[in-house]
Amino acid sequence: MRSRVVGSPVFAARNVTVRFGRLVALDGISVTGSPGVTVLLGPNGAGKSTLVACLLGDQVPDSGEVEVLGGRPAKRGSPQRRIGWLPQDPQLPQRFRVAEMVTYAGWLKGLDWSDARTAGIAALERVDLVDRSASLVKELSGGMRRRAAIAAATVHEPEVLLLDEPMAGLDPQQRIAVRDVIARYADTATVLMCTHILQDVVAVANRVVVVDHGVVRFDGATEAFTALSGRTGDLEAAYLSLFDVRTSA
Ligand SMILES: Nc1ncnc2c1ncn2[C@@H]1O[C@H](COP(=O)(O)OP(=O)(O)OP(=O)(O)O)[C@@H](O)[C@H]1O
């Protein structure tokens, strides 16, 4: 059973500001996450990856507070072992066999080699790639590579899974397959997923947060997000209209 303080968010960024020189990437943003899938939407450059970097401890905010699993994010140590991360552009070791690569990812997260090997097989089963265990990473298709990267990100069964555009570049079949993997994983974990694909939001999210220019434009349940489209049912238009107003919903 996963330890969790009932009622408190699993992760929280509170009034977080991040500046890169004169550019304000996050402007006093507050976002929390609880079990299930929270989707982070927003245009290119909105600040999504910067927020993920803050949750990972890779980016230290100029001001504000970040908490993950009851503590401050740290680049190393035990909190890191309870977090999984799929970067936007995963760089997998091309000359590794798929099973080796996933085992290695588990070992890096603190599993001993034999446990990592067992966990690696389970992680590959999760993404339906066991039959390619012996292939070299470079022999996989783009979609398979992304599924292998998800296996590597989840091999240590993290309680918090941060996914930066996991569906980018996938064909519809692969997207549905990856979406199902994420939904299943979120049964027992807290997932934050950055994406630009509105269909995926509706299919997989419990909660939607829309970010633009480092501030929140919308934060609510998926039903409230889809209801924005009203009688027209045009979710894309409703989503785009969020950027015309300068207050969060
Ligand atoms: N290391 C950095 N140095 C300088 N500027 C940065 C750095 N990282 C991000 N930025 C800037 O911060 C802003 C937010 O970037 P971020 O990558 O968080 O956006 P994003 O919402 O993830 O975008 P995308 O959807 O394109 O991935 C952008 O203007 C980006 O250029």
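Two strands count as paired here if DSSP finds at least two bridges between them. With that in hand, let's walk through this structure, which is a predicted model.

Start with the sheet. Three strands make it up, in the order E2-E1-E4, and the sheet is open, with antiparallel pairing. In general, the strands of a sheet pair through backbone hydrogen bonds, either parallel or antiparallel. On the edges sit E2 and strand E4 (63-68), each pairing on one side only. Going from one strand to the next, the twist averages 25 degrees. If you want to look at one pairing up close, take strand E1 (residues 11-20) and E4: they run antiparallel and are joined by five bridges. Along the way you'll find Arg-14 standing opposite Glu-65 in E4. Helix H1 packs on this sheet, where it touches E1, E2 and E4, and its direction makes about 120 degrees with that of E1.

H1 and E2 turn up again around the ligand. Strand E2 (23-33) and helix H1 (48-56) each supply at least two residues of the shell, and H1 gives the most, with three residues. Among the residues around the ligand are Phe-20, Leu-23 and Ala-25, then Gly-42, the run from Asn-44 through Gly-45, Ala-46, Gly-47, Lys-48 and Ser-49 to Thr-50, and also Gln-88. What is the make-up of this shell in nonpolar, polar and charged residues? It divides into seven polar, four nonpolar and one charged.

Now move along to the helices, with H3 as your reference point. The axes of helix H3 (residues 98-108) and helix H5 (residues 142-154) come within 8 Å and cross at roughly 30 degrees. Angles under 35 degrees count as roughly parallel, so H3 and H5 are roughly parallel to each other. Their crossing is right-handed. On the H3 side, the contact is made by Val-98, Met-101, Val-102 and Ala-105, while H5 brings Ala-148, Ala-151 and Ala-152. This contact has seven nonpolar residues, no polar and no charged.

H3 also meets helix H4 (residues 113-126): their axes come within 8 Å too, but cross at roughly 120 degrees. H3 and H4 are therefore oblique to each other, and this crossing is right-handed. From H3, the residues are Val-98, Ala-99, Val-102, Thr-103, Gly-106 and Trp-107; they meet Trp-113, Ala-116, Arg-117, Ala-119, Gly-120, Ala-123 and Leu-124 in H4. The contact of H3 with H4 divides into nine nonpolar residues, three polar and one charged.

Key: Residues numbered from 1 in each chain as written. Predicted model: local features only at pLDDT ≥ 70, side-chain atom pairs only at ≥ 80, totals over all residues. Near = placed C-beta within 6 Å. Helix = DSSP H or I, 4+ residues; strand = E, 2+ residues; numbered from the N terminus. Nonpolar A, V, L, I, M, F, W, Y, C, P; charged D, E, K, R; others polar. Axes fitted to C-alpha atoms, helices over the stretch in contact; angles between N-to-C directions. Contact = placed C-beta atoms within 7 Å. Parallel < 35°, antiparallel > 145°, perpendicular 65-115°, else oblique. Left-handed = near helix turned anticlockwise from the far one by under 90°.
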